[in-house]
Amino acid sequence: MLCANGKKNYDIKDNFYEDLEAIYNSLPSHCIKMIVGDLNSKVEKESSYSPTIGPDSFLDISNENKTRLVNFACSEDLNISSTFFP
């Protein structure tokens with residue numbers, strides 16, 4: 001699917017996560033860092049990504065944005081907190 005400017009959606013998403021990672025890594029390590037927002041990602045219960053994904057995700061399926069979010073969270077040793085609460 002093409003966007004209005006001719007770029008493909010996955011190019012835009014890849015650029016977003018590259019920018020997010022650059023900004024995240026530019027912050028001092030002693031700072032408390034939280035990424036808050038709707039990243040349009042559906043993360044299902046998947047024990048292979050523990051402890052990044054918790055046991056209480058209410059979804060049984062995921063979408064393609066899950067891969068980007070989980071990869072980013074794993075690379076930065078982060079948790080996807082919405083999956084840790086029933």
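## Exercise 1: the end of a helix

H2 is followed by Asp-77, whose phi is positive, near 60°. The model is a predicted one, in which local features need pLDDT of at least 70 and side-chain atom pairs count only at pLDDT 80 or more, while totals for chains, interfaces and linings use all residues. Residues are numbered from 1 along each chain as its sequence is written, and side-chain values use heavy atoms, with hydrogens and water left out.

Task: state where Asp-77 lies and whether it counts as buried or exposed.

Solution. Start with the position, which is in the segment after H2; helices (H or I, at least four residues) and strands (E, at least two) are DSSP runs, numbered from the N terminus. Turn next to the backbone: most residues other than glycine have a negative phi, whereas Asp-77, which is not glycine, has a positive value near 60°. Finally, Asp-77 counts as exposed because its relative accessibility is 70%, where exposed means over 50% relative accessible area, buried under 20% and partly exposed in between (1.4 Å probe, protein chains only).

## Exercise 2: overall architecture

Task: describe what secondary structure the protein has, how far its C-alpha trace spans, and what share of its residues counts as buried.

Solution. The protein has 2 helices and 0 strands. Along the principal axes, its C-alpha trace spans about 40 × 35 × 20 Å. Of its 86 residues, 23% count as buried. As for the contacts (heavy atoms within 4.5 Å), 52% of those between residues at least 6 apart in sequence join residues at least 24 apart.

## Exercise 3: a charged residue without a partner

Task: determine which side chain of opposite charge is nearest to Glu-76, and how far away it is.

Solution. Glu-76 lies in the segment after H2. Not counting residues up to four places away in sequence, Glu-76 touches Glu-21, Tyr-24 and Asn-25. Tyr-24 itself is in helix H1 and counts as buried because its relative accessibility is 11%.

## Exercise 4: the loop between the helices

Task: decide whether Thr-52, Ile-32 and Glu-64 are buried or exposed.

Solution. Thr-52 is in the loop between H1 and H2 and counts as buried because its relative accessible area is 8%. Its contacts beyond four places in sequence are Ala-73, Cys-74, Leu-78, Asn-79, Ile-80, Thr-83 and Phe-84. Ile-32, also placed in the loop between H1 and H2, is exposed, with a relative accessible area of 79%. Glu-64 is found in that loop as well, and it is exposed at 51%.

## Exercise 5: the largest pocket

Task: give the volume of the largest pocket and the make-up of its lining.

Solution. The volume is about 610 Å³, that is, the space filled by probe spheres set on grid points joined across faces, edges and corners. On a 1 Å grid over the protein atoms alone, a pocket is an open set of points where a 1.4 Å probe fits, with protein on both sides within 12 Å along at least five of seven lines, and lining residues have an atom within 4 Å of a point. The pocket is lined by 25 residues, of which Ile-35, Leu-69, Ile-80, Ser-81 and Ser-82 lie nearest its centre. By class, the lining has 14 nonpolar, 8 polar and 3 charged residues, where Ala, Val, Leu, Ile, Met, Phe, Trp, Tyr, Cys and Pro count as nonpolar, Asp, Glu, Lys and Arg as charged, and the others, Gly among them, as polar.

Note on methods. Lys, Arg positive; Asp, Glu negative; His and termini not counted. Salt bridge = Lys/Arg side-chain N within 4 Å of Asp/Glu carboxyl O.
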